Amino acid sequence: MRVHRIATATMLVLEVGGWTATGFGKAFADTGPAGRKAKASAQGGSSTGGEVFQQNVAQSSRQNNNCNNPNTGDTEGESLTGSRATGRCVTKDNSLTEFSRIHNGPVEAQGGSSITSLAQQNTAQRGRQNNNCNNENDSTITVEGGRVEARCADEDFSFSKHTLVKGGAARAEGGSSTLVAATTVAQQNTAQEGRQNNNCASPNFAATTLDGGQEKSRCGNKDTSFSKHIRIKGGGARAEGGSAEVDVLQQNIAQEGRQNNNCRTRGEGFVGSLSVTGGRVETRCGNRDGSFSKHTGVKGGGARAEGGGAEEDLFQQNIAQEGRQNNNCDNPNNNSSITVAGGRVSTGCGNKDTSFSKHTRIKGGGARAEGGSGGADVSQQNIAQHGRQNNNCASYNHSGINLTGGGRVKSRCGNKDTSLSKHTLTRGGGARAEGGSSGSADFSGDQQNIAQEGRQNNHCANPNLSSTALDDRQKNLCGNKDGSFSKHTRIKGGGARAEGGSSTASYLVQQNTAQDGRQNNVCHNSNMNLGSLEVNGGRVEASCGNKDASFNKQTQVTRGGARAEGGSTTAGTALQQNVAQEGRQNNTCNNPNSDATITTTGDRVGIRCRNKDISFNRKTVVKSGGAAAEGGSSTTETVNQQNVAQEGRQNNNCANPNLPPSVVELSSNRLRESCKTVDGSANVHTTDIGGGAKAEGGSATAALFQQNSAQEGRQNNTCSDPNNLTLNASGSRTQAHCVAVDRSTNLATINR
């Protein structure tokens with residue numbers, strides 16, 4: 001094991017001001033015909049007789065960071081004893097650009113192949129100020145009384161006038177392993193296109209151990225740029241995973257747009273784990289947009305993340321983000337555990353939009369995340385985000401959490417929108433998340449497929465196949481605040497669709513969520529079969545809240561429809577949640593779906609989901625395409641599922657456990673569930689046209705336990721309706737509180 005007892009540092013600082021540029025290293029540009037730049041390409045080599053460990057990075061345009069990303073096949077990794085390791089990646093742009101044309105060629109990073117083990121990182125970056133930072137691949141970090149710190153930041157103070165930017169596609173393609181033996185593909189494939197996108201602090205197949213040490217990661221973007229008479233056309237970002245005859249452990253990230261975060265999403269396999277003993281892990285991911293845009297046009301080519309396949313185990317995350325200020329944060333995907341003994345793990349992901357947009361046109365190509373398939377266990381997350389300020393936060397997939405000795409885990413995900421938009425047109429290409437398949441009767445398919453389109457939608461604190469044991473405190477906070485001003489704006493959505501994978505395995509455990517609209521919550525809905533929730537003298541708190549204080553005048557919104565479709569199995573049990581939300585401020589909150597035992601002793605569990613609407617709407621038109629949730633089926637075993645379709649405003653589906661044949665045991669403790677909606681909005685000469693909400697249950701040849709809820713309209717409650725639940729309480733208190741308050745003012749409005 002290598003032991004470093006001295007402080008180490010990695011620093012990369014790029015600054016552009018006026019007409020000059022200062023940086024480290026050399027830059028070479030190839031100019032093709034008509035002044036066009038040739039393709040930037042990084043192509044990895046291959047091995048026909050041994051292991052492959054490499055990094056392939058292709059960068060084009062300005063101030064892109066690929067920083068502090070160790071890639072090793074060494075299981076010993078890095079060890080710090082009483083030492084400090086610092087990685088700092090910072091870009092700052094004070095440039096002035098006027099009457100210019102920029103044509104970037106395509107960017108391609110292509111991984112090599114191997115007949116044995118393959119560990120590599122393939123990164124393609126095109127645009128401005130994109131960060132790929134602090135993402136270990138196939139490595140271990142051990143810190144005893146030391147400190148590991150990484151900081152990735154972008155600041156844009158640029159001035160652009162009468163400019164044209166046209167770029168080719170950014171593509172990262174993973175390599176493959178073809179030998180049928182004990183080999184593994186562990187890689188990260190990242191494609192970034194646009195401005196100020198972060199892929200940060202997301203280790204893959206990496207184990208971290210802190211004993212009295214500290215690990216701190218900060219990823220931040222700040223945009224106060226000025227843009228006038230600008231046209232931007234993107235070629236599309238695409239990340240494609242590799243395949244293997246045995247195990248695949250990888251992350252495939254495609255980001256297009258501005259200020260999108262993929263942060264603190266651990267992708268780990270059998271040996272990967274996070275262990276904190278008396279130490280501290282802190283991660284902060286934040287975006288701030290104070291930009292000014294006038295007479296601008298942005299056309300995206302579409303972000304696409306496509307997972308690879310495996311003949312055996314498949315563990316991967318496929319993330320496609322398109323739009324502005326979308327967060328995929330604190331969502332570990334692994335086959336191991338997070339252990340905190342007397343330590344602290346804190347994650348904060350936040351966006352703040354104070355931008356000004358006038359006479360702007362934005363056309364998205366559509367974000368698509370497509371999962372791979374495996375022959376044994378399939379554990380993956382497929383996330384497609386399109387729009388502005390959508391959160392996918394603190395949703396563990398196949399992960400265990402164990403807190404003892406005064407340990408604490410805290411996750412905070414928040415959005416704040418005080419933007420001003422006038423005479424703007426936004427057209428979405430549609431967000432689609434499609435799950436992969438599993439094909440072995442002795443294993444399981446465990447995945448989360450999330451498609452979000454619109455503004456300020458939360459998918460928060462929804463563990464899937466995750467066991468939790470607490471002697472201490474776990475806290476998840478997800479909040480949105482909309483104080484935006486919109487006048488003469490038009491928004492046309494392409495529709496959000498989440499489609500579950502299928503399985504011939506013994507278990508199909510998945511969550512399929514499609515959100516289209518504004519400020520919709522899917523919060524604290526655990527979906528487990530082999531896991532359990534045990535709270536002994538500790539505290540669990542989950543809070544999901546929305547506040548709408550927006551001003552909307554002469555706006556038009558047309559939605560393409562939200563659809564969540566469950567997968568099916570032909571050989572095992574199906575346990576899944578399928579949620580489709582379209583409209584504003586709809587809650588699906590605290591609806592556990594499992595066949596596990598929930599045990600709490602001498603502790604406190606509190607769940608709060610709240611919406612408050614004090615918006616002002618005048619001469620607005622909203623037309624919905626319809627929300628549909630369709631359940632999956634099983635031809636041989638039991639089906640346990642919840643299918644929820646919500647359309648309209650401020651509808652609650654809350655505190656409805658579907659737990660066959662589980663037992664909830666409460667001893668000397670308190671369980672409180674609160675769902676509240678308050679409508680104080682003012683609506684004058686508004687028109688709302690609904691497309692219809694539809695929830696369709698699945699079928700089974702054995703036992704069938706499911707809840708099918710369709711809500712359309714305003715302030716409808718489906719609350720505290722357990723399905724096949726056994727509750728044992730001793731000296732305890734259980735309370736479910738569902739409240740809807742309507743103080744709205746409606747004058748000359750039309751609803752149909």
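Q: In which sense do E49 and strand E57 (residues 573–584) pair, and over how many bridges?

A: Strands of a sheet pair through backbone hydrogen bonds, either parallel or antiparallel. Here E49 and E57 pair in the parallel sense over 12 bridges, where two strands count as paired if DSSP finds at least two bridges between them. Strands (E, at least two residues) and helices (H or I, at least four residues) are DSSP runs, numbered from the N terminus. This is a predicted model, in which local features need pLDDT of at least 70 and side-chain atom pairs count only at pLDDT 80 or more, while totals for chains, interfaces and linings use all residues. Residues are numbered from 1 along each chain as its sequence is written, and side-chain values use heavy atoms, with hydrogens and water left out.

Q: Why is strand E49 described as largely enclosed by the rest of the structure?

A: Burial is read from relative accessible area: under 20% is buried, over 50% is exposed, and partly exposed lies in between (1.4 Å probe, protein chains only). In strand E49 (residues 507–518), 11 of the 12 residues are buried, so the strand is largely enclosed by the rest of the structure. For the chain as a whole, 58% of the 752 residues count as buried.

Q: How many helices and how many strands does the chain have, and what share of its contacts with a separation of 6 or more comes from residues 24 or more positions apart?

A: The chain has 77 strands and 0 helices. With a contact taken as heavy atoms within 4.5 Å, residues 24 or more positions apart account for 86% of the contacts with a separation of 6 or more.

Q: What is the order of the strands in the open sheet of 11 strands?

A: The order is E6-E11-E17-E23-E29-E36-E43-E50-E58-E66-E73, and the pairing is parallel. Its edge strands, E6 (65–67) and E73 (717–719), each pair on one side only. From one strand to the next the twist averages 0°, with axes being lines fitted to C-alpha atoms, for helices over the stretch in contact, and angles running from 0 to 180 degrees between N-to-C directions. Within this order, strand E29 (residues 327–329) and strand E36 (residues 391–393) run parallel and are joined by 3 bridges, and the bridge partner of Cys329 in E36 is Cys393.

Q: Which side chain meets that of Glu434 in a salt bridge, and with which strand does strand E41 (residues 431–434) pair?

A: Side chains of opposite charge can pair when their charged atoms come close. A salt bridge is counted when a side-chain nitrogen of Lys or Arg is within 4 Å of a carboxyl oxygen of Asp or Glu, and a search of the whole structure finds 30 of them. Glu434 meets Arg432 at 3.4 Å, N to O; Glu434 is buried at 19% relative accessibility, whereas Arg432 is partly exposed at 27%. Strand E41 pairs in the parallel sense with strand E48 (residues 496–499) over 4 bridges, and the bridge partner of Glu434 in E48 is Glu499. E48 in turn runs parallel to strand E56 (residues 562–565), to which 4 bridges join it.

Q: Which parts of the chain does the salt bridge of Arg304 with Glu370 link?

A: The closest N and O atoms of Arg304 and Glu370 are 3.3 Å apart. The pair links distant parts of the chain, with Arg304 in strand E27 (residues 303–306) and Glu370 in strand E34 (residues 367–370), 66 residues apart.

Q: How many disulfides are there, and is the link of Cys67 and Cys89 left-handed or right-handed?

A: Taking a disulfide as a pair of cysteine sulfur atoms within 2.5 Å, the count comes to 5. The sulfur atoms of Cys67 and Cys89 are 1.5 Å apart, and the link is left-handed, with -75° about the S-S bond. Cys67 lies in strand E6 and Cys89 in strand E8 (residues 84–104), so the pair ties together parts that are 22 residues apart in sequence. Cys67 is buried, with a relative accessible area of 4%, and Cys89 is buried as well, at 0%.
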